[in-house]
Amino acid sequence: VKKKLGKNNVRLVFKYLPLPMHKNAHAAAEAATCAKMQSVDKFWKMHDILFEAKSGLDHDAIRRYATQAELNLNEFDRILEFINIFNFNYNIDNRFL
């Protein structure tokens, strides 16, 4: 679409809408947010890993996925702590996507 209409005429917006019946959906959204804060490429890498996750989305599994996505784990933990302290809104500004 961007090729046809021009990159300045198209904007992709990705919204985090964690399903209320999925007990780890918020944790997955938080992990994706942490990845996005490091780079858009890392967001998409983490996104794909999370959607393909076979071993669950508990805290330990998400940290393994963060390693797999080549995230800086210290920064990942720092951002995750910030998100949890300030009760992060999952529908964040997606201007970088």
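Reply:

Of the 97 residues in the protein chain, 36% are buried, where buried means under 20% relative accessible area, exposed means over 50% and partly exposed means in between, using a 1.4 Å probe and protein chains only. This is a predicted model, in which local features need pLDDT of at least 70 and side-chain atom pairs count only at pLDDT 80 or more, while totals for chains, interfaces and linings use all residues. Residues are numbered from 1 along each chain as its sequence is written, and side-chain values use heavy atoms, leaving out hydrogens and water.

The protein chain holds five helices and zero strands, and its elements follow the order α-α-α-α-α from the N terminus; helices (H or I, at least four residues) and strands (E, at least two) are DSSP runs, numbered from the N terminus. Contacts, meaning heavy atoms within 4.5 Å, can also be sorted by distance along the sequence: among those in the protein chain between residues at least 6 apart, 58% join residues at least 24 apart.

The part to look at closely is helix α3, which spans residues 40-52. Helix α2 (residues 25-38) packs with α3 at an angle of about 155°, and their axes are 6 Å apart; axes are lines fitted to C-alpha atoms, for helices over the stretch in contact, and angles run from 0 to 180 degrees between N-to-C directions. The two helices α2 and α3 are therefore roughly antiparallel, given that angles over 145 degrees count as roughly antiparallel, under 35 as roughly parallel, 65 to 115 as roughly perpendicular and the rest as oblique. Their crossing is right-handed, a term used if the near helix is turned clockwise from the far one by less than a right angle, with left-handed used if anticlockwise. On the α2 side the contact is made by A28, A31, A32, A35, K36 and Q38, which meet V40, K42, F43, M46 and L50 of α3. This contact of α2 with α3 consists of eight nonpolar, one polar and two charged residues, with Ala, Val, Leu, Ile, Met, Phe, Trp, Tyr, Cys and Pro counted as nonpolar, Asp, Glu, Lys and Arg as charged, and the others, Gly among them, as polar.

With α4, helix α3 has another contact, in which the axes come within 9 Å and cross at roughly 135°. The helices α3 and α4 are therefore oblique to each other, and their crossing is right-handed. Here M46, I49 and L50 in α3 meet I62, Y65, A66 and Q68 in α4, a set that divides into six nonpolar residues, one polar and no charged.

Some individual residues complete the picture. A search of the whole structure finds one aromatic pair, and the rings of F43 and W44, with centres 4.8 Å apart and planes at 75°, are therefore edge-to-face; rings of Phe, Tyr and Trp (its six-membered ring) pair if their centres lie within 6.5 Å, and planes under 30 degrees apart count as stacked, over 60 as edge-to-face and the rest as tilted. F43 is buried at 0% relative accessibility, whereas W44 is partly exposed with a relative accessible area of 28%. D48, which is found in α3, is partly exposed as well, at 40%, and its C-alpha atom is separated by 9.8 Å from that of A32, 16 residues away along the chain.
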